[in-house]
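Follow the strands first, then the core, then a helix pair. Keep the model open as you read.

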Amino acid sequence: MRDRYKISDQNSVYFITSTIIEWLPVFTNNKYCDILIDSLKHCIENKSLNLYAYVILDNHFHLIGSAPELSKTISSVKKYSARMILKQLEDDNRNWLINQMEFFKKKFKKESDHQVWQEGYHPVLISDQDVFVQKVEYIHNNPVKRGLVDLPECWRYSSARNYLMDDHSIISVNCEMS
């Protein structure tokens, strides 16, 4: 991974994007989205993840967050969710998707027969309040730009609901950068 795609200051706030291998559509129903939400909740409760904004789309997620060891925290989110997604795919007999994750798995990955997430993630340092606001708006408008909803707060798996409706029922977020 190139240096510009690494978290250089573990105590700063970052905009992060992570994508399913080959952009496969995994987050197509609540079961799969809830796996990712549960992983984020675990990291909030146990790894001091400070979540400011997020959106989950069919094949990737964006978030703004900080944590004492943010790199390890994001790795933990991806590792746990990958294991649980594969289990759920098996339970749901979604063999075509499991087969794709086996086919596209990087050859050097020896610890698993499948690969759920693309290698790494794309962190962007949030340097000031203006960049924070711009990234929050980007996150919230992502489902609107894709034509999935008319209003950001209508997308169930987005912090737009937290910001615009004060609805923290899916997951709590901090609506102001600290």
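Strand 1 and strand 3 pair antiparallel over 6 bridges; pairing requires at least two DSSP bridges between two strands. Strands here are DSSP E runs of at least two residues, helices H or I runs of at least four, both numbered from the N terminus. T19 has H60 in strand 3 as its bridge partner. Strand 1 also runs antiparallel to strand 4 (residues 122-125), joined by 4 bridges. There, Y14 stands opposite L125.

This is a predicted model: local features need pLDDT of at least 70, side-chain atom pairs count only at pLDDT 80 or more, and totals for chains, interfaces and linings use all residues. Residues are numbered from 1 along each chain as its sequence is written, and side-chain values use heavy atoms, without hydrogens or water.

Is strand 1 buried or exposed? Buried: 6 of its 6 residues are (under 20% relative accessible area; exposed is over 50%, partly exposed in between; 1.4 Å probe, protein chains only). Y14, I16 and S18 cover one side, F15, T17 and T19 the other.

The largest nonpolar core has 39 residues. Such a core is a set of buried Ala, Val, Leu, Ile, Met, Phe, Trp, Tyr and Cys residues joined through side-chain atoms within 4.5 Å. I20, F27, Y54, I56 and M101 have the most contacts inside it. Elements giving two or more residues include strand 1 (14-19) and helix 2 (70-91).

Beyond its neighbours within four places in sequence, I56 is in contact (heavy atoms within 4.5 Å) with residues including F27, F61 and W155.

Finally, the helix pair. L86, L89 and E90 in helix 2 meet L97, I98 and M101 in helix 3.
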